[in-house]
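Hi,

Here is the structure I promised to pass along. Have a look at it first, and then read on for what turned up when I went through it.

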Amino acid sequence: MAKADLHTHTTASDGFCSPKQLIELAASRSLNSLAITDHDTIQGYLDARPFAEEHQIRLLPGVEVSTRWEGREVHLLGYSFEPDNEPLVQLLRLQRKARRERVKQILDQLRKKGVEITMDEVVAESNGGTIGRPHVAEVLIRKRIVSSFPEAFIRYLGSNILEKLEAGYAEITDVIRVIREAGGATSLAHPGRMYSRNETEGLLELGLDGIECIHPSHHYDQQKQYLELAERENLLITGGSDFHGKHDGYTPYFGIVTLSDSRVNELARMARRRSILLHEE
Ligand code: AMP
Ligand code: MN
Ligand code: MN
Ligand code: MN
């Protein structure tokens, strides 16, 4: 059966495979379709395109956007949008700026605990990609302040450890609108890890097109519940491995936790219709 993975990361954000390496790995694991969903950037997708063509992998435009919803952070997946859509490009630029400010706040909090890390060190660790806590974790390891990635999150970087951050991320409804107006479709990322049933339904009412039913953090019953919810509400079903290549616990699932390729046809079809309507206006 043709299979797809619609949730992966590269060195353009906090992944460890370059876009080229990811495409080669996807080909070796017999994936037919792939979306690179780096955090708040589409650079990995853009760089991967020629390699995907070479390996005959259907590569969808993709992105994982950190958004604000009722004072919380919600991860939204965007697919099959027009990659050169200016409002979307601008939104992602602002998101990356917000991420830099957020990391500065994290570094201030660490400093209060006697841990000195500079922004330059974090930026160097990111190699030009979207920065985030994983890059701070790498610096903590490099400076021998912690001895492992999990330790960095347990001791310093976990959401339960950090004081509340004032992240300047965009409101979820604005992100949904921008992706839609770029001819794309949206899906709620890894709901099982984050939200109650009521919260999930509240989020879906904001105008999301789909829900990530398949994710390595979902146990069997959760997956079943989300699939039923999607069928009932006529939502797109998306899924993937959330592959980062290291440290995520999900790396072994690349090529194993997959989505049926026919789901990707449905998604692509919706986006195509949306795109046609936009250009008719
Ligand atoms: P940020 O984008 O700055 O909020 O950082 C979140 C990223 O850190 C996620 O996308 C994961 O890749 C990674 N992450 C979050 N929590 C953990 C954890 N407890 N252990 C390992 N990686 C984590
Ligand atoms: Mn990540
Ligand atoms: Mn996420
Ligand atoms: Mn992810």
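This is a predicted model: local features need pLDDT of at least 70, side-chain atom pairs count only at pLDDT 80 or more; totals for chains, interfaces and linings use all residues.

His-75 has its place in strand S5.

Staying with His-75 for a moment, is the residue buried or exposed? Its relative accessibility is 13%, and because the cut-off for buried is under 20%, His-75 counts as buried. Its side chain also makes a polar contact of 3.2 Å with the side chain of Glu-73.

**Manganese ion, ligand 3**

His-75 is also a metal donor. The manganese ion (ligand 3) is coordinated by Glu-64 through OE, His-75 through ND1 and His-190 through NE2, at 2.1 to 2.3 Å. Along the chain, these donors follow the pattern E-x10-H-x114-H. Glu-64 comes from strand S4 (residues 62–69) and His-75 from strand S5 (residues 72–79), with the two eleven residues apart. Both Glu-64 and His-75 are buried.

**Manganese ion, ligand 4**

Glu-64 turns up again here. Which residues coordinate the manganese ion (ligand 4)? The donors are His-7 (NE2), His-9 (NE2), Glu-64 (OE) and Asp-242 (OD), at 2.2 Å. Their spacing in sequence reads H-x1-H-x54-E-x177-D. His-7 sits in the loop between strand S1 (3–5) and helix H1 (19–28), while Asp-242 sits in the loop between S8 and S9, so this pair ties together parts of the chain that are 235 residues apart in sequence. His-7 has 0% relative accessibility and therefore counts as buried.

His-39 belongs to the loop between S2 and H2 and His-244 to the loop between S8 and S9, so to speak a link between distant parts of the chain, 205 residues apart. Both histidines, His-39 and His-244, are buried.

As for how the ions sit relative to one another, the manganese ion (ligand 2) is 5.9 Å from the manganese ion (ligand 3). The separation between the manganese ion (ligand 4) and the manganese ion (ligand 2) is 4.8 Å.

**Ligand 1**

An oxygen atom of ligand 1 lies 3.0 Å from a side-chain N or O atom of His-39. For Arg-99, a side-chain N or O atom is likewise 3.0 Å from an oxygen atom of ligand 1. His-244 has a side-chain N or O atom at 3.0 Å from an oxygen atom of ligand 1 as well. On its own, ligand 1 has 500 Å² of accessible area, and the protein covers 74% of that.

Ligand 1 sits in the largest pocket.

**Two aspartates with positive phi**

One backbone point before you go. Most residues other than glycine have a negative phi. Asp-40 is not a glycine, yet its phi is positive, at about 55°. Where does Asp-40 lie? Asp-40 is in the loop between strand S2 (33–35) and helix H2 (43–54). Its relative accessibility is 0%, so Asp-40 counts as buried.

Asp-242 is found in the loop between strand S8 (236–239) and strand S9 (259–260). With a relative accessible area of 3%, Asp-242 is buried.

That is the tour. Over to you.

Methods: Residues are numbered from 1 along each chain as its sequence is written. Chains are lettered from A and ligands numbered from 1 in the order in which they are written. Side-chain values use heavy atoms; hydrogens and water are left out. Donors are N, O and S atoms within 2.8 Å of the metal (3.2 Å for Na, K and Ca); water is not among the atoms, so sites may look incomplete. Helices (H or I, at least four residues) and strands (E, at least two) are DSSP runs, numbered from the N terminus. Buried means under 20% relative accessible area, exposed over 50%, partly exposed in between (1.4 Å probe, protein chains only). A polar contact is a pair of N or O atoms within 3.5 Å; within protein, one must be able to donate a hydrogen and the other to accept it, and residues adjacent in sequence count only if both atoms are side-chain atoms. Accessible areas come from the Shrake-Rupley method with a 1.4 Å probe; for residues, only the protein chains shown count as cover. On a 1 Å grid over the protein atoms alone, a cavity is a set of points where a 1.4 Å probe fits but cannot get out, and a pocket is an open set with protein on both sides within 12 Å along at least five of seven lines; lining residues have an atom within 4 Å of a point. A molecule sits in a cavity or pocket if more than half of its atoms lie within 2 Å of its grid points.
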